[in-house]
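Here are a few notes to read with the structure open. Could you go through them point by point?

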Amino acid sequence: TQLVAALEAHLDNLAARDRFSGVVVLAPGGTPVFERAYGMADREAGIRNALDTRFNLGSINKAFTATAIRQLAEAGKLALTDTLIQHLPDYPNRDVAQRVTIAQLLKHTSGIGGNIFEAPSGGSRSDLRKTADFLALFAHEPLQFEPGSRRQYSNAGYVVLGAVIERLSGMSYYDYVRANVFEPAGMTSTGSYAKDSLPPNTAVGYTRGGPGREAQGPLRRNTELLPGRGSSAGGGYSTAQDLLRFARAVHEGRIAGGAGRRGLGIGGGAPGINAILETDIGGYDLVVLANLDPPAAEDVGRQVRE
């Protein structure tokens with residue numbers, strides 16, 4: 001009761017100052033004791049956020065990609081020690097493909113870099129709609145460091161994992177995770193939607209110009225900053241309840257590739273996007289989805305942990 005009261009007071013204060021807009025759900029054992037929506041999903045249309053509003057997840061999608069890779073490993077279609085060239089023999093940079101392993105891609109120790117937030121040559125960010133589009137942005141580049149020698153966060157590495165999933169499954173990345181992650185978990189409102197055909201009840205992201213607690217610029221829509229569609233590295237959409245369903249399905253072993261994993265702690269952020277999923281915080285699961293710049297959701301998560 002004290003925790004809920006403190007959280008409610010904190011969020012009311014943030015929302016009153018337009019420093020939080022989104023949904024917060026706190027649930028011990030999968031049953032919410034606190035779930036509220038704040039702020040606007042679409043400020044221009046006057047549509048408020050609701051408990052079932054979809055939000056852009058940013059890099060939380062990497063958890064779905066990692067689950068898919070572990071599923072393929074459990075099915076005997078790959079080993080985490082395999083080199084990339086064993087599954088993508090046509091990878092544009094052969095030297096990279098011969099030296100990098102699947103495990104290194106998962107752990108961000110591969111040395112593969114590259115900016116997936118660029119526009120393709122002669123085009124715009126809106127043209128990025130499938131894994132091959134993102135892969136073409138960086139796949140010819142050399143390694144940034146010796147694989148396994150250090151850890152450096154790599155969106156590009158998770159795009160490569162998406163390509164591996166597609167090659168081994170014979171399905172698009174989007175179809176594979178829908179059939180093998182979302183549907184088994186009962187996640188009916190989760191997917192990577194094209195930005196020009198978002199389903200109803202999806203929040204628009206609003207940015208003040210970038211991350212930072214002290215950003216003071218006017219809020220503007222982040223639509224032009226988004227790719228045409230999200231990728232295996234991030235940019236899909238989900239609801240708070242669907243993320244709780246994912247956490248519970250992983251905890252209960254109902255999704256192949258996720259059994260036995262406790263204490264999930266994943267997040268995502270970009271201009272107009274911030275989301276976290278944390279489980280087993282003193283017995284609680286927490287989802288915070290925000291359609292504002294980081295650290296809108298991260299600050300709420302920090303407050304709950306404290």
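1. One cut-off before we start: a residue is called buried when its relative accessible area is under 20%. Also keep in mind that this is a predicted model.

2. Let's take serine 189 with that cut-off in hand. Its relative accessibility comes out at 17%, so serine 189 counts as buried. You'll find serine 189 in the loop that runs between α7 (173–185) and β6 (206–207).

3. What does serine 189 touch, leaving aside its neighbours within four places in sequence? The contacts are Arg54, Tyr237, Ser238, Thr239 and Asp242.

4. Now for the sheet. Here 5 strands make an open, antiparallel sheet, and the order to trace is β2-β1-β11-β10-β9. The edge positions go to β2 (34–38) and β9 (265–270); each has a single partner strand, so one side of each has no neighbour in the sheet. On average, and with direction ignored, neighbouring strands of this sheet are turned by 5° against each other.

5. Have a look at the β2 end. There, β1 (residues 22–28) pairs with β2 in the antiparallel sense, over 5 bridges.

Conventions: Residues are numbered from 1 along each chain as its sequence is written. This is a predicted model: local features need pLDDT of at least 70, side-chain atom pairs count only at pLDDT 80 or more; totals for chains, interfaces and linings use all residues. Side-chain values use heavy atoms; hydrogens and water are left out. Two strands pair if DSSP finds at least two bridges between them. Helices (H or I, at least four residues) and strands (E, at least two) are DSSP runs, numbered from the N terminus. Axes are lines fitted to C-alpha atoms, for helices over the stretch in contact, and angles run from 0 to 180 degrees between N-to-C directions. Buried means under 20% relative accessible area, exposed over 50%, partly exposed in between (1.4 Å probe, protein chains only). Contact means heavy atoms within 4.5 Å.
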